[in-house]
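I opened my notebook to record some look-ups in this model. The entries follow in the order I made them.

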Amino acid sequence: MATYKKTTSPTAIYGENSAANLALQNAINAVSPNKITVDSKYGDQTKGAYDALVGQGYTYANGAVTKAPV
């Protein structure tokens, strides 16, 4: 089991447990058909989901994942 550093960072950071990571996970689940665990821990599952969305043209800012218009 991984150990996550509890922080108050305003930025979602891999390996940390924070409110920023919770916001990222909720934003990912809002647009992704493949739901991830929402636990405020930025680990491999969150990274994989985030990277997959970025690869599809999505961006994350201000607590929301959005896709640029084509």
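I began with the largest cavity, whose volume is about 40 Å³. I took a cavity as a set of points, on a 1 Å grid over the protein atoms alone, where a 1.4 Å probe fits but cannot get out. Grid points are joined across faces, edges and corners, and the volume is the space filled by probe spheres set on the points. By this rule I count one cavity of 30 Å³ or more. The model is predicted: local features need pLDDT of at least 70, side-chain atom pairs count only at pLDDT 80 or more, and totals for chains, interfaces and linings use all residues. I number residues from 1 along each chain as its sequence is written, and side-chain values use heavy atoms, with hydrogens and water left out.

Next I listed the lining, meaning residues with an atom within 4 Å of a point. The largest cavity is lined by Tyr50, Leu53, Val54, Tyr58, Thr59, Tyr60 and Val65. Helix H2 (44-55) and strand E3 (58-61) are the elements that give two or more residues to this lining. I took helices (H or I, at least four residues) and strands (E, at least two) as DSSP runs, numbered from the N terminus. By class the lining has six nonpolar, one polar and no charged residues. Here Ala, Val, Leu, Ile, Met, Phe, Trp, Tyr, Cys and Pro count as nonpolar, Asp, Glu, Lys and Arg as charged, and the others, Gly among them, as polar.

I then looked up the largest nonpolar core. Its nine residues are Leu24, Ala27, Ile28, Ile36, Tyr42, Ala49, Leu53, Tyr58 and Val65. Such a core is a set of buried Ala, Val, Leu, Ile, Met, Phe, Trp, Tyr and Cys residues joined through side-chain atoms within 4.5 Å. Buried means under 20% relative accessible area, exposed over 50%, and partly exposed in between (1.4 Å probe, protein chains only). H1 and H2 each give two or more residues to this core, and H1 has the largest share, three. Beyond four places in sequence, Ile36 touches Gln25, Ile28, Asn29, Gln45, Thr46 and Ala49, a contact being heavy atoms within 4.5 Å.

I went on to the loop between helix H1 (19-31) and H2, where Ser32 sits. Ser32 counts as buried because its relative accessible area is 8%. A polar atom of the Ser32 side chain lies 3.1 Å from the backbone nitrogen of Asn34. Ser40 is in the loop between H1 and H2 and has a positive phi of about 70° although it is not a glycine. At 12% relative accessibility, Ser40 is buried.

I noted a positive phi at Asn62 also, of about 55°. Asn62 lies in the loop between E3 and E4 and is exposed, with a relative accessible area of 84%. Most residues other than glycine have a negative phi.

I finished with two threonines. Thr66 is in strand E4 (residues 64-67) and is partly exposed at 42% relative accessibility. Leaving aside neighbours within four places, Thr66 contacts Gly57, Tyr58 and Thr59. Thr7 is in the loop between strand E1 (5-6) and strand E2 (16-17) and is buried, at 15% relative accessibility. With residues up to four places away not counted, Thr7 touches Glu16, Asn17 and Ser18.

Conventions. A polar contact is a pair of N or O atoms within 3.5 Å; within protein, one must be able to donate a hydrogen and the other to accept it, and residues adjacent in sequence count only if both atoms are side-chain atoms. On a 1 Å grid over the protein atoms alone, a cavity is a set of points where a 1.4 Å probe fits but cannot get out, and a pocket is an open set with protein on both sides within 12 Å along at least five of seven lines; lining residues have an atom within 4 Å of a point.
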